[in-house]
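Take a look at the chain below.

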Amino acid sequence: MKDKERVDSQISKLEEKYKDSGQDLSAYLDGLLYQRYLTYWDYIHLDTLLSLQVPRTYFPDEEIFIMYHQITELYFKLILHEQKQLVDDKSQNLAFFLEKTRRINSYFQALISSFSIMIKGMEREQFLQYRMALLPASGFQSVQYRMIELYATPLENLVHHTERDQFSSTDKIEDLYENIYWKKGATDLTTGEKTLTLKQFEYRYTPRLVRIAKQLKKGAIYDKYQQLDATKRDNKELIEALKTLDLNANVNWPLMHMGSAHRYLAKDKDQIGATGGTNWKQYLPPSFQKVVFFPELYSKEELNDWGKQWVDHIFNPNKV
């Protein structure tokens, strides 16, 4: 009898729900009656997911390369999922801010800890051959990672550090975007001109990224932090979580790429160029870029020493 009463109560609640929205409950119940049972493989579109790996060569390790990058993009989507909630939140709730930041860190930490798949999980000889079939595509072209940066901090903090002073009083998004740090790395190694990789990326994504930057003006995560009242801004757990996010995104994640680049592209006497023609030795080292999402949280000395861990990472890789 209790089960019947519970079902009757649920039906009554459903009737109220659909009545309020002008819908007919009985029609929805008919749909439920005819609907197939949900399966795991249908829910996550497993067959589609497993069909998305399409190698361009016959080297077995290329499939590893594809899958790892696809997994990376899914983690980037998870990070953006949390960032968007932080940016949209109007409550200034400390617990909410802290929880979302910690989630973002957990996604970054999963990416960083799994990067050994890229560093040690492929044969160098295979990589150096199948990579030539990928030209001019490059991980540089990950628009989701660029979006992560825009959601994290105001655009002026992403201007190349050699030019930040001259743009410190500029609020024109287009000028700031044109001088964003990563464009410096996407220049031809011999001519200094924009690589095809960068031209492709700009053609496809510049309007979208500029639009996002304008929407986030005074509303990026760093702005949201600065808008908290003093007590919340001084919370040690939040400060630690934000600093961890900074290190994960702007030091540890690039360091993983440096390790991979050195394994595959820097052995022997000659340096091998990246597939997109990016100057990875200038583009990847955190100490060269000095990108900091939350500069207010650090001393001058910490900012000056930013990213120097990459030297130890390259010359003493067992420390990392």
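The chain has 18 helices and 0 strands. Keep in mind that this is a predicted model.

**The chain as a whole**

The chain holds 320 residues, and 41% of them are buried. Its accessible surface comes to about 18900 Å². Carbon and sulfur atoms account for 53% of that surface. Now consider contacts between residues at least 6 apart in sequence. Of these, 71% join residues at least 24 apart.

**A covered helix**

Helix α9 runs over residues 143-152. How many of its residues are buried? The count is 10 of 10, so the helix is mostly covered, with buried meaning under 20% relative accessible area. The buried residues of α9 include V143, Y145, I148 and L150. Q144, R146 and E149 are also among them.

Helix α6 spans residues 94-114.

| Residue | Relative accessibility | Class |
|---|---|---|
| N105 | 5% | buried |
| A110 | 24% | partly exposed |

N105 counts as buried because its 5% relative accessibility is under 20%.

What does N105 touch? Leave aside its neighbours within four places in sequence. N105 is then in contact with A241, T244, L245 and N248. With N248 there is also a polar contact, side chain to side chain, at 3.3 Å.

A110 and Y75 are 35 residues apart in sequence. In space, their C-alpha atoms are 8.5 Å apart.

**An enclosed space**

Rolling a probe the size of a water molecule over the atoms shows where empty space is left. How many cavities of 30 Å³ or more does the structure hold? The structure holds 1. About 60 Å³ of space lies in the largest cavity.

Which residues line the largest cavity? They are L86, D89, Q92, N93, F96, F97, K224 and L228. By class, this lining has 4 nonpolar, 2 polar and 2 charged residues. Nonpolar here takes in Leu and Phe, while Asp and Lys count as charged. So L86, F96, F97 and L228 are the nonpolar ones, and D89 and K224 are the charged ones.

Technical notes. Residues numbered from 1 in each chain as written. Predicted model: local features only at pLDDT ≥ 70, side-chain atom pairs only at ≥ 80, totals over all residues. Heavy atoms only, no water. Helix = DSSP H or I, 4+ residues; strand = E, 2+ residues; numbered from the N terminus. Buried < 20%, exposed > 50% of the residue type's maximum accessible area, 1.4 Å probe, protein only. Polar contact = N/O pair within 3.5 Å; in protein donor to acceptor, adjacent residues only side chain to side chain. Contact = heavy atoms within 4.5 Å. 1 Å grid on protein atoms, 1.4 Å probe; cavity = no way out; pocket = protein on both sides within 12 Å on 5 of 7 lines; lining within 4 Å. Points joined across faces, edges and corners; volume = space filled by probe spheres on them. Areas by Shrake-Rupley, 256 points an atom, 1.4 Å probe, with all protein chains shown as cover.
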